[in-house]
Amino acid sequence: MADNNNNNTQNQFNDQSQPTPEPTPQPRKRGQVTMTKVAVTAAIAGLLGGGVAYGGMNYLNNSGVTSTAVPAGSNKTGNTKTSNVTVNVNTQATKAFNQVKGAMVSVINLQKQSSSSGTLGELFGQSSSSGSTSKSALEEASEGSGVVYKKSGNTAYIVTNNHVVSGSSALRVVTSSGQQLQAKFVGKDSVTDLAVLKVNGSSLKTIASFGDSDKIKVGETALAIGSPLGSQYATSLTEGIVSAKKRTIETTNSAGTQTGNATVIQTDAAINPGNSGGALINVGGQVIGITSSKIASDTSGTSVEGMGFAIPSNEVVNIINQLVKKGKVVRPALGITYVDLANVSSSQQKSILKLPSSVDAGVVVMSTTSDSPAKKAGLTKYDVITELGGHKISGQSTLRDLLYKYKLNDSVSMTYYHNGKKKTTTVKLTETSSQLKSSSTTANSES
């Protein structure tokens with residue numbers, strides 16, 4: 001293990017960490033689109049040039065190909081015309097896109113911007129007894145994507161990312177046909193980065209359906225639909241594959257501080273700013289995930305391509321059903337802060353935790369809140385939880401995933417090590433307290 005990891009772990013054991021701040025994603029300003037648009041245009045131009053060259057090489061180096069070219073000398077008039085050869089392309093990807101495109105929307109985040117205005121004299125430096133007046137106007141702060149997934153009467157429900165709508169004073173939705181609708185909040189959840197909106201959907205005819213994200217396979221085709229760079233490029237389709245079914249990634253706030261971990265689908269389908277909240281679908285036209293983020297560069301600044309992420313549909317369905325029913329997500333909690341055992345050095349595992357060498361996975365309890373389920377069950381600092389409900393805990397995200405499958409007041413068995421001795425207890429789960437946001441970092445997690 002690297003020295004810096006050991007140092008970090010030592011700090012974890014010596015210091016009490018503080019809860020991390022709420023994620024506050026930075027909105028993408030519309031003024032940034034112009035430069036990006038130029039870059040996109042240049043890339044497309046380069047691709048077209050390469051395509052022409054590649055086509056010529058391909059024709060010259062393949063035999064047995066029927067040519068539709070006009071023989072030399074047969075066109076004596078010098079005029080040209082189009083060929084009567086047509087290609088009927090109707091791939092499975094095209095069918096899937098046509099099934100879902102009508103359910104795709106662009107979500108525009110409107111925020112109040114203060115502006116001052118005065119008389120004509122004030123503009124030229126003259127004072128006015130009445131003074132200047134200040135007013136607040138709504139301006140487009142950022143744009144994202146959304147998916148219409150349900151209709152009840154004339155009310156249509158849209159799922160999107162929480163960071164797409166964060167900080168909004170009002171919300172506008174632009175449908176795939178270009179119609180603009182005012183949207184209202186139904187509920188939002190910062191932990192999973194999901195939000196539900198509702199609009200008057202009397203004109204919306206297409207509803208997207210969710211597939212089972214647990215049944216997807218690495219290598220299968222994945223299609224991303226959204227509004228990269230905003231509604232100007234609405235319902236853009238990109239194609240890739242499922243690169244990984246369950247990838248744990250770190251989440252950060254606008255200051256770059258780690259605020260949690262998320263278990264997501266990884267794909268190499270192109271995902272760009274504005275795609276957030278859009279759909280990742282399979283070739284059957286089912287939504288298997290809600291696109292939420294990408295890695296553009298690593299910590300050293302190295303550029304990265306083809307690493308986009310989507311919230312799995314099974315988690316999306318669970319969250320949005322709660323948001324529609326309650327307006328929020330209520331989660332069970334153990335009432336502990338913890339670190340991943342993998343982040344603790346082998347020497348500390350032996351000297352501080354007194355773990356047997358056979359224990360190589362789990363989470364280390366760093367503190368328990370008063371009257372918490374864990375405290376009532378007898379857990380204390382430096383206990384190592386290895387199983388919950390009979391399922392092994394491989395790390396931080398596993399504990400969260402297992403915990404969130406239970407309901408409030410459920411009783412669940414727990415296996416843990418105390419001073420190196422294996423113990424089993426039963427924990428009755430209660431609601432997450434206001435202090436415990438289920439956020440996590442490599443230094444500390446809360447559940």
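# Calls and cut-offs in a predicted model

Guide: T235 lies in the loop between strand 7 (221-226) and strand 8 (236-252). The model is predicted.

Visitor: Why does T235 count as partly exposed?

Guide: Its relative accessibility is 23%. Buried means under 20%, and exposed means over 50%. T235 falls in between, so it counts as partly exposed.

Visitor: Which other residue has a positive phi although it is not a glycine?

Guide: K354, with a phi of about 60 degrees. K354 sits in the loop between helix 7 (346-351) and strand 15 (363-368).

Visitor: Why is K354 called partly exposed?

Guide: The relative accessible area of K354 is 46%. The buried class ends under 20% and the exposed class starts over 50%. K354 therefore belongs to the class in between.

Visitor: Where is V359, and how do you know whether V359 is buried or exposed?

Guide: V359 is in the loop between helix 7 and strand 15. Its relative accessible area is 8%. Buried means under 20%, so V359 is buried.

Visitor: What does V359 touch, not counting residues up to four places away in sequence?

Guide: L341, Q349, T386 and Y417. V359 and T386 are 27 residues apart along the chain, and their C-alpha atoms are separated by 8.3 Å.

Visitor: How do you know whether S106 is buried or exposed?

Guide: S106 lies in strand 1. Its relative accessibility is 1%. The cut-off for buried is under 20%, so S106 counts as buried.

Visitor: What makes the link between S106 and S227 a polar contact?

Guide: The side chains of S106 and S227 are joined at 2.7 Å. A polar contact needs N or O atoms within 3.5 Å, one able to donate a hydrogen and the other to accept it. The pair meets that rule, so it is called a polar contact. Leaving aside neighbours within four places in sequence, S106 is also in contact with G144, S145, R172, V173, V174, S231 and A234.

Visitor: How many cavities of 30 Å³ or more does a search of the whole structure find?

Guide: The search finds 2. The second largest cavity holds about 50 Å³ of space. S106, S227 and T235 are among the residues that line it. Strand 1 (104-117) and strand 4 (170-175) each give two or more residues to that lining. Strand 1 provides the largest share, 3 residues.

Visitor: How do you know whether T267 is buried or exposed?

Guide: T267 is found in strand 9. The relative accessible area of T267 is 0%. Buried means under 20%, so T267 is buried. Its side chain reaches the backbone nitrogen of A269 at 3.1 Å. Leaving aside neighbours within four places in sequence, its contacts include A222, I241, L280 and M307.

Visitor: Which residues have the most contacts inside the largest nonpolar core?

Guide: V107, V147, V159, V199 and I281, in a core of 41 residues. Strand 6 (residues 194-200) gives the most to this core, with 5 residues. V147 touches Y157, V159, V287 and I290, among others beyond four places in sequence. A second, separate core has 20 residues, including L334, Y338, V363 and M414.

Notes. Residues numbered from 1 in each chain as written. Predicted model: local features only at pLDDT ≥ 70, side-chain atom pairs only at ≥ 80, totals over all residues. Heavy atoms only, no water. Helix = DSSP H or I, 4+ residues; strand = E, 2+ residues; numbered from the N terminus. Buried < 20%, exposed > 50% of the residue type's maximum accessible area, 1.4 Å probe, protein only. Core = buried A, V, L, I, M, F, W, Y, C linked by side-chain atoms within 4.5 Å. Contact = heavy atoms within 4.5 Å. 1 Å grid on protein atoms, 1.4 Å probe; cavity = no way out; pocket = protein on both sides within 12 Å on 5 of 7 lines; lining within 4 Å. Points joined across faces, edges and corners; volume = space filled by probe spheres on them.
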